[in-house]
Amino acid sequence: MSSITNVTVLGTGVLGSQIAYQTAYSGFQVTAYDINDEVIEGAKKRFAGLAETYTSEVDGAAGGKADEALTRVTFSSDLAAAVADADLVIEAIPEVLDLKRTTYEALDKLAPAKTIFATNSSTLLPSDMKDFTGRPEKFLALHFANRVWKFNTGEVMGTADTAPEVFDEVVEFAGEIGMVPIPIHKEKAGYVLNSLLVPFLNAGLELAAGGYSDPHDVDKVWRIATGAPMGPFQFYDIIGLTTPYNILTNGDEHAQQLAAWLKENYIDQGKLGVATGEGFYRYDK
Ligand code: NAD
C-alpha cells in the first residue's frame with residue numbers, strides 16, 4: 001500500500017474533476033483546487049454530474065456509493081490551505097508551460113516537504129517543469145485518459161531526477177485509485193498511448209485526404225483485418241475534429257494540407273464529431 005492519504009488536485013476542468021472524483025470514489029480524502037470561487041461553483045456541478053455518470057455507468061456505484069464519494073471532496077480556491085497537508089498534488093491545469101511553471105514555483109513554497117507533485121500534462125515533458133518544482137526528486141507525471149472510470153490507464157513517467165521510491169509510490173497509488181498503472185522507464189513525449197495513437201490517426205488521415213481510400217473503408221479494413229473495435233476515423237469523431245485540426249495547422253506544409261482537407265470537407269460543414277452529432281459518421285443526438 002502507498003503511504004498517500006491526502007490528495008489535492010489542481011484544476012477542476014475536464015480531467016481534474018475526473019481525477020479528483022475518481023480518487024474520492026476510491027476512498028481518499030481529496031481537495032479540489034481552482035482559481036476562484038466562481039470556477040469552484042461550476043466545479044461542484046461538474047462533480048455532481050460525475051456522480052450521476054458513475055451511478056449509471058460504473059458497476060457498484062448505484063445505491064449511494066457515487067454520492068458518498070462527494071462527501072470526501074473539499075473544494076478550495078486558497079492554494080495554501082489546499083496543499084497544507086497534501087501527500088500528493090496532482091496538477092491538471094491548462095496545457096500552458098509558463099502557467100505550469102509558475103504554479104509549481106508557488107506550490108513549492110506552500111506545500112510541505114513531504115508532498116509529491118504529479119503532472120497530468122499530455123504533451124509537455126516533466127523535465128520541462130522539474131526545475132520549477134524545487135523538489136525534482138518528488139516530481140513526475142501521472143497521466144490519465146479522458147473518462148477515467150472507463151479508460152483507466154495511469155501512465156507514470158518520471159525524469160532522471162525522480163527518486164525511484166517516489167516513482168514506485170505513485171505506481172502503487174495509481175492502482176489504489178482503480179487505474180491500471182503503466183510504468184514508463186524513460187521520458188517519452190506522448191507516453192505510450194499517444195506514441196501509438198497519433199501516428200495511427202495520422203496514417204488514416206493520409207489515406208483519406210490523399211484520395212487512396214474513404215474514411216469508412218479505412219476503418220473497415222482496420223476492424224475486419226485486426227479485430228480491433230474502432231478505426232482511426234471513429235477515434236477522430238470521439239476526440240472531436242477541432243483539436244487535430246489545430247495541431248495540424250501548426251505543422252509543416254504537408255500537415256497543413258491535411259488540415260485544409262479536414263476543414264473543407266468536415267469542419268466548415270459543422271461536422272466536428274460525436275459532440276455535434278456528425279463527423280465522419282452520423283450520431284443520434
Ligand atoms: P480544462 O481547461 O478543462 O481545465 C483546466 C482547469 O484548470 C480549469 O478549471 C481552470 O480554471 C483551472 N486553472 C487554470 N489556471 C489554474 C491555476 N493556475 N491553478 C489551478 N487551476 C487552474 O483542461 P483539461 O482538459 O482538464 O486539461 C488539464 C490538463 O490535463 C492538461 O495538462 C492536459 O494536457 C491534461 N489532459 C487532458 C486530457 C483531456 O482529454 N482533456 C487528457 C489527459 C490529460
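Which residue has a polar backbone atom 2.9 Å from an oxygen atom of the ligand? That is V14.

Quick ground rules. This is a predicted model, where local features need pLDDT of at least 70, side-chain atom pairs count only at pLDDT 80 or more, and totals for chains, interfaces and linings use all residues. Residues are numbered from 1 along each chain as its sequence is written, and side-chain values use heavy atoms, leaving out hydrogens and water.

Back to the ligand. A polar side-chain atom of E95 sits 2.5 Å from a ligand oxygen. S122 places a polar backbone atom 3.1 Å from a ligand oxygen. Polar contacts here are pairs of N or O atoms within 3.5 Å. On its own the ligand has 830 Å² of accessible area, and the protein covers 76% of that. Those areas come from the Shrake-Rupley method with a 1.4 Å probe.

Now the shell. There are 23 residues around the ligand, each with a heavy atom within 4 Å of it. L15, D34, E95, K100 and S122 come nearest. The shell divides into 10 nonpolar, 10 polar and three charged residues. Nonpolar means Ala, Val, Leu, Ile, Met, Phe, Trp, Tyr, Cys and Pro; charged means Asp, Glu, Lys and Arg; the others, Gly among them, are polar. α1 (14–25), α5 (97–110) and β6 (139–144) each supply at least two shell residues. Helices (H or I, at least four residues) and strands (E, at least two) are DSSP runs, numbered from the N terminus.

How values were computed: Polar contact = N/O pair within 3.5 Å; in protein donor to acceptor, adjacent residues only side chain to side chain.
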